[in-house]
Amino acid sequence: MTRASVLWLSLGGIAIALLPWYGLEGDGLLSSDWLRSYPDASTGPALYQIAAAGRSWLLLPVLPWLGLAGVAATRGERAFVTWAGLGMTLLLVEGFAIIHSGPAWPWLAALLSSDAKQPGLGYGGALLGLSYLMLGSRGFAARGFCKGDAFTVSAIALVVSLIALFVFFPILTMLASAGQNNNGAWAPSVFIDKLLSAAIWGVGCIARGVSCGVAWNTIFLAIVAGAGATALGLAFALLTVRTGFQWKRLLRLLTILPIITPPFVIGLAIILLFGRAGAITALLSDWFDIPRSRWVYGLPGVLLAQLLAFAPIAFMVLIGVVQGVAPSLEEASETLGASRWTSFRRVTWPLIRPGVANAFLLGFVESMADFGNPLVLGGNYEVLSTKVFFAVVGASHDQGQAAVLAIVLLAFTLGAFYAQHRWLGRRVYTTVTGKGDSGLPIPLPTGVRAACYGVAALWTLLTLAIYATILLGGFVRALGRDYTFTFDHYLTGFSAEWGPRGLLLTGSAWDSLWTTLGVSAVSAPLTAAIGLVTAYLLTRQRFAGQRLFEFGTMLSFAIPGTVVGVSYILAFNVPPVELTGTALILVICFVFRNMPVGVRAGMAMLAQIDQSLDEASLTLGARTGTTLRRVVLPLLKPAMVTALVYSFVRAMTAVSAVIFLVSAQHNMATAYIVGRAEAGEFGLAIAYSSALIVIMLAAIALIQLLVGERRLGRRALGAGELAIEGAG
Amino acid sequence: MATTHRGAASVELRHIVKRYGPVTAVNDVSFTIAAGTLVTLLGPSGCGKTTTLRLIAGLETATSGQLLIGGNDVTTLSSADRDVSMVFQSYALFPHMTVLENAAYGPSVRGASKREAQALADEKLALVGLEKLGERLPAELSGGQQQRVAVARALVLEPRVLLFDEPLSNLDAKLRRRVREDIRDLQQRLGLTVVYVTHDQQEALAVSDRVIVMDHAVVAQSGTPRELYEEPASLFVADFIGDANLIDVMVRPIDGGLAEVSVGPMTLRLRRRGIDAGPAKIAVRPESLLFRTEGGLPGTIAKVAYLGTHMEYTVATALGDIFVIERGAPTLREVRAKVALAFAERGVTLVRG
């Protein structure tokens with residue numbers, strides 16, 4: 001038996017005999033609270049629960065451990081598969097079968113006593129499950145799976161289990177709960193009623209004066225926002241690539257800003273500029289007697305905010321596409337006698353059209369998933385994401401309704417992603433070849449160029465105004481009304497004073513800031529790690545079900561944050577996995593929402609790293625884990641930076657999913673800011689937002705510094721040149 | 001995992017099959033490689049030779065069959081547990097490590113201390129003459145030097161079997177011969193078991209104790225270079241090794257394991273090699289055809305190439321175009337000249353058609 005098997009078997013034993021089997025109330029394992037009453041019915045390990053707390057059913061998941069220990073001594077690792085599989089199954093079955101309120105199913109209640117109740121799994125249960133998973137993997141490896149490589153089998157088993165638990169299980173729970181009535185009974189007719197209700201699909205706005213269904217609102221907004229953002233992005237891309245525009249570097253900078261700006265902050269700035277008491281509204285009112293109005297609340301405001309937020313994304317997609325059009329193609333068209341306009345219309349435009357469609361779909365999906373801007377600016381214009389939120393937190397508190405709305409939203413975004421893969425996947429004309437293309441791009445037709453300049457000027461002006469508002473708004477008493485310079489907002493949020501026991505952080509924002517930083521700092525490396533390991537498994541290993549596995553890892557990208565939030569609440573509020581209200585659920589939520597970026601970045605890099613490097617390491621006696629650590633990871637540094645930065649920034653700026661998952665104890669900065677904005681404390685909200693942006697910039701710089709550069713010393717490029725040049 | 005020397009080991013494949021979905025890359029292959037010998041897997045691309053090598057390395061797992069190294073079944077063992085090293089076609093030097101770090105990688109991942117690992121690495125780098133370049137990065141070396149680093153790195157663990165995957169394919173023609181000789185020299189000096197994959201028959205004949213010719217996922221023939229060249233078991237082997245002319249003949253068995261073979265107007269007496277009466281083929285090496293002024297097989301010179309050490313002719317005859325090599329000829333034959341061809345004593349073999 002290998003050392004690793006002994007280790008996992010021992011950990012399983014510790015999980016059964018020592019660790020608290022159930023989830024602990026309060027601060028968890030690190031605080032000593034639980035030790036005071038250890039062991040009792042809430043803190044005792046499995047052995048105690050069976051012997052002294054009357055939870056004899058725990059024998060089911062515990063006994064297979066004895067089986068494992070037995071076969072380990074007699075028959076070797078191949079026999080692990082059966083026992084570990086049995087243990088895992090029984091652990092899940094008993095966990096789902098008996099919950100807080102007693103046995104989960106009526107027929108089971110008949111068999112057990114009525115006080116058969118249990119909370120969610122804790123450290124003991126989780127560790128035993130992990131031990132079964134790892135021992136089972138070693139069993140499969142011993143049977144020759146994945147070339148007998150235990151690390152690979154374990155990694156696949158772990159990632160698949162985690163994705164199943166934290167991506168598929170919540171979504172399935174949500175689907176199931178949509179089909180239940182308020183008593184939890186199965187009621188498909190209720191589901192059909194809710195799904196087809198006029199509140200979602202009504203078309204009253206066309207003929208009569210009532211508002212349309214929320215689904216149509218969402219689609220309309222998404223189409224207009226997607227098209228508008230694409231047009232803006234295209235104008236910028238053409239301007240950058242095809243004209244002698246002087247300020248290209250500035251444009252690049254403007255495109256980075258939205259990435260580090262929490263999405264709703266733009267909405268916030270728009271209120272401060274164009275709201276009834278906004279700065280620009282006030283100017284217009286004072287100078288031109290244009291009456292103050294609330295026009296910005298509703299479709300116009302949300303649309304404006306989304307255009308400003310998504311145009312840079314479209315720009316980043318389209319600049320690659322526009323650069324990819326080989327000038328020689330247009331030169332060929334011109335030498336064949338076509339005018340400039342004809343060349344653009346007949347050659348350039350058809351070549352970039354798939355890229356344009358791609359940018360549109362991206363904007364479409366982003367708009368659908370956007371939660372912060374509709375929440376802050378939407379007014380009476382309801383979209384699915386906000387409607388889902390209010391169904392959960394509002395007066396009605398109808399989780400079934402929330403689930404139905406979330407399903408509609410999920411269907412839309414998945415549909416768009418499906419269209420993108422299916423319809424555009426093979427239609428992208430890459431005209432970038434290895435050959436040098438020395439032609440000069442032809443200048444844009446005059447009309448197109450003028451339009452580009454006009455659009456760009458307006459957009460730049462607006463963006464500058466928005467960011468000036470964000471950065472300076474926190475330093476004045478009330479933007480639009482009272483421009484007196486003040487530190488008050490920052491003091492409210494971030495004041496600190498020397499008390500008798502040292503530094504006292506008295507500002508109201510500190511708690512949420514520390515939680516945010518902590519959660520982001522913990523989730524970023526985890527995201528990068530699981531993303532890169534997954535990328536490694538997908539590119540370097542062959543195993544059954546690989547395509548499904550890949551689909552599963554990418555799926556979480558297509559799920560809007562609000563849907564994730566609702567599904568997590570539904571799935572993780574009850575045993576066996578009870579996580580709501582903890583900081584852990586925030587970390588988990590970020591890890592699995594942001595993992596696809598790590599996977600993509602890792603896959604792109606790995607495709608450029610010669611596979612024989614890994615193989616050389618293996619034949620030299622390194623195990624897969626060592627190979628990853630010493631050969632693959634050092635070469636993956638650019639992908640690692642991308643994954644770290646991205647997941648950190650996303651964790652700092654996300655609002656849609658976390659707003660469902662935050663608790664009084666673990667509040668996040670974004671949720672706090674949205675709360676302040678809703679309460680009308682715009683000064684504090686904007687001050688906090690600008691502080692967040694500055695912190696993120698500092699963190700990105702720090703990550704770059706910590707991870708450092710790859711060392712390759714490519715000086716002599718010869719016959720043996722190894723293709724590892726990255727796409728980092 | 002200790003890094004002690006355990007001596008060269010034999011390699012045995014028993015009915016190894018490797019399938020990728022519907023494609024069978026290796027189909028029921030069995031052979032034994034004696035300890036301390038250099039055996040080449042030779043064949044055209046796609047014949048399964050590299051897959052066979054990777055199976056021995058543990059980089060692929062056989063679909064069925066058994067693989068033994070030094071008499072132990074290693075069929076399901078992972079690569080890291082097999083005590084086998086490989087020199088890759090692309091060398092696969094770790095670009096972020098120096099030459100010394102590359103060479104010391106094996107012992108270091110197996111738990112040797114840094115000093116031990118570097119001492120072992122230095123020793124093997126000296127063996128390939130690169131002791132002075134330890135601090136360089138692979139990208140700063142020439143192709144030939146990179147190749148030697150790859151060999152040193154593979155040798156550091158004193159593996160029981162050393163595998164070479166087309167090690168010369170990234171070198172220029174002049175360097176190839178020298179590196180080839182270096183590899184053979186090293187193998188004989190250290191008494192290593194080496195499995196060597198190549199598609200170049202000349203390279204295979206030059207370095208090997210034995211050659212295993214593969215074709216369409218199966219072993220076509222295995223034997224010493226000389227056996228393969230002079231006694232090809234099939235048309236494929238005859239054709240693949242040494243560009244033999246394949247000529248249709250009629251066979252009439254006679255006594256003493258011989259047969260009378262009619263080739264056009266001529267009759268030869270050849271070893272029968274178990275071939276029945278009736279139509280068959282003979283494989284004739286290009287240098288086993290002799291020009292005659294009269295008698296023999298009449299023909300016309302169709303193409304001529306002057307190659308310094310020898311001449312190459314294509315002769316059009318009633319039996320088809322025949323490729324002939326002539327060495328040390330006093331004169332150059334002209335295109336369209338009438339000639340007659342006869343067969344030499346050696347290099348003419350009856351082959352199953």
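A helix axis here is a line fitted to the C-alpha atoms over the stretch in contact, and the angle between two axes is taken between their N-to-C directions. Keep that in mind as we walk through this structure, which is a predicted model.

Let's start in chain A, with two helices. Helix α14 covers residues 263–274 of chain A and helix α15 covers residues 279–288 of chain A; their axes come within 3 Å and cross at roughly 15°. Angles under 35 degrees count as roughly parallel, so α14(A) is roughly parallel to α15(A). Who touches whom? On the α14(A) side you'll find A:L272, A:L273 and A:F274, and they meet A:A279, A:I280 and A:T281 in α15(A). Sort the residues of this contact by class and you get five nonpolar, one polar and no charged.

Now hop over to chain B. This chain has eight helices and 20 strands, and its C-alpha trace spans about 75 × 45 × 35 Å along its principal axes. Chain B has 353 residues, and 45% of them count as buried.

Strands of a sheet pair through backbone hydrogen bonds, either parallel or antiparallel. One open sheet in chain B has five strands in the order β15-β19-β16-β17-β18, with antiparallel pairing. At the edges stand β15 (289–292) and β18 (320–327) of chain B; each has a single partner strand, so one side of each is left without a neighbour in the sheet. The sheet isn't flat, either: from one strand to the next, the twist averages 45°.

Strand β16 (residues 297–306) and strand β17 (residues 310–317) of chain B pair in the antiparallel sense over seven bridges. For example, B:G299 has B:T317 in β17(B) as its bridge partner.

Finally, follow the chain to a loop. Between β19 (338–343) and β20 (348–351) of chain B sits B:E345. Is B:E345 buried or exposed? B:E345 has 6 C-beta neighbours inside 10 Å, so B:E345 counts as exposed.

Notes. Residues numbered from 1 in each chain as written. Chains lettered and ligands numbered in written order. Predicted model: local features only at pLDDT ≥ 70, side-chain atom pairs only at ≥ 80, totals over all residues. Axes fitted to C-alpha atoms, helices over the stretch in contact; angles between N-to-C directions. Helix = DSSP H or I, 4+ residues; strand = E, 2+ residues; numbered from the N terminus. Parallel < 35°, antiparallel > 145°, perpendicular 65-115°, else oblique. Contact = placed C-beta atoms within 7 Å. Nonpolar A, V, L, I, M, F, W, Y, C, P; charged D, E, K, R; others polar. Buried ≥ 20, exposed ≤ 12 C-beta atoms within 10 Å, placed from the backbone. Pairing = 2+ DSSP bridges.
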